[in-house]
Amino acid sequence: MANREGKVYVFDHPLIQHKTALMRDVNTSVKEFRELATEVAMLMGFEATRDLPLEEVDIETPMCKTTVKMLEGEDIAIVPILRAGLGFVDGMLALVPNAKVGHVGLYRDPDTHLPVEYYCKLPTDIEKRKIFAVDPMLATGGSAIAAIDSIKNRGGHDIAFLCLIAAPEGIDALHKAHPDIDIYIAAKDERLNENAYILPGLGDAGDRLYGTK
C-alpha cells in the first residue's frame, strides 16, 4: 500500500462548497464556525471513505435470511494535527464511531520557522489501521509533512490527509514529501501571501474555532 501513487481530490460537492464558503466569511461566529467544521468534516469523510473494503455477511431480516455487504473491518484511526485539527474529529467520528483517535502536536520554531513535534500519541495498533490525518489548512505543507513523518515513524503506512483549504504550494510540498498518500481538499485556493497565509483563505482556523487571537 505504501508504494502506491497517491492522488489529490478536490471536492466539488455543492454542500461542501456552500459550507466552506460560510466558514470563510469574517462575520461567521465561533459557534457557527465550529458547527460548520463538524458538518464539512462529515461530508468530506463520507467521500474519503468511499473505497473502504466490504465483505459479504449473512444476516437475518424480519422477513428472511439474506447476504449483505458490511465493512470488512472498522480498523480506522483519525489523527488530528493539534490544535485546529480537533475541529474535524467529531464529524469524522459521527461516520465511524468505533474509530480510534490519535493526536500529533506541533509548533513552529520562531527562529527556523520549521515545525517541531511536542506531542504524539497514536493507537498502539496504528500499523493495522487506515489513518485519516486531519487539519483544516494546508499552507506551506510543513506541519502536514511533519505529522505524517511522525505517524510513519511509529508504524502507520495506510494514510490519507484531509484538509478544508489548501494552497498550491502546500499540495505540491506534501505530495513531493509523501507521494504515497491521498490528499482530500474541500477548496484549492490561489496562493500564499508573504506571511504564508492562504489567500483568500479564512484566517487562522484555530483562532476561529476557539475564539482566540
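This is a predicted model: local features need pLDDT of at least 70, side-chain atom pairs count only at pLDDT 80 or more; totals for chains, interfaces and linings use all residues.

Guide: Residues are numbered from 1 along each chain as its sequence is written, and side-chain values use heavy atoms, with hydrogens and water left out.

Visitor: What counts as a salt bridge, and how many does a search of the whole structure find?
Guide: Side chains of opposite charge can pair when their charged atoms come close. The cut-off is a side-chain nitrogen of Lys or Arg within 4 Å of a carboxyl oxygen of Asp or Glu. Searching the whole structure turns up ten.

Visitor: Where do Glu35 and Lys31 lie?
Guide: Both are in helix α2 (residues 30–48), four residues apart, or about one helical turn. Helices are DSSP runs of H or I, at least four residues, and strands are runs of E, at least two, numbered from the N terminus. The Glu35–Lys31 bridge has an N to O distance of 2.7 Å.

Visitor: Which parts does the pair Arg154 and Glu117 tie together?
Guide: Their side chains meet at 3.1 Å, N to O. Arg154 is in the loop between α4 (142–153) and β10 (158–166), while Glu117 is in strand β7 (residues 115–121), so the pair links parts 37 residues apart in sequence.

Visitor: Is Arg129 buried or exposed?
Guide: Buried means under 20% relative accessible area, exposed over 50%, partly exposed in between (1.4 Å probe, protein chains only). Arg129 is buried at 6%, and its partner Asp125, 2.9 Å away between closest N and O atoms, is buried at 19%. Shared partners join Lys100, Asp125 and Arg129 into one network.
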